[in-house]
Amino acid sequence: DNEPFTNVVKTLERWYDIDFEVDSDLKHKYNYTITITEESLEDVLALIKKTTPKITIKYSKDKVIISE
């Protein structure tokens, strides 16, 4: 609950077995409360983008890049 973005990213990396590259400015700028059960990575990224419209998410097979 109300986790720093850094913690959310670490969890997503483990769950979806993918690397994240996040701008250092964003790592502690946003906090999230989110419950993920069976959502795909694409769905989770879309939710993060929807709740944080200022960020840009680029996604490939093996890496997610998040910037502002």
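Okay, so charges: the count here comes to two salt bridges, where a salt bridge is a side-chain nitrogen of Lys or Arg within 4 Å of a carboxyl oxygen of Asp or Glu. Before I go on, this is a predicted model, where local features need pLDDT of at least 70, side-chain atom pairs count only at pLDDT 80 or more, and totals for chains, interfaces and linings use all residues. Residues are numbered from 1 along each chain as its sequence is written, and side-chain values use heavy atoms, with hydrogens and water left out.

One of the bridges pairs Glu-21 with Lys-63, and their closest N and O atoms are 3.1 Å apart. Glu-21 sits in strand β2 (residues 19-22) and Lys-63 in strand β5 (residues 63-67), so this pair ties together parts that are 42 residues apart in sequence. Strands here are DSSP runs of E, at least two residues, and helices are runs of H or I, at least four, numbered from the N terminus.

How exposed is Glu-21? Partly, at 40% relative accessible area, and Lys-63 is partly exposed too, at 32%. Buried would be under 20%, exposed over 50%, and partly exposed is in between, using a 1.4 Å probe and protein chains only.

Next, Glu-68 and Lys-29 form a salt bridge at 2.8 Å, N to O. Glu-68 is in the segment after β5 and Lys-29 in the loop between β2 and β3 (31-32), so the pair links parts 39 residues apart in sequence. Glu-68 is partly exposed at 41%, and Lys-29 is partly exposed at 47%.
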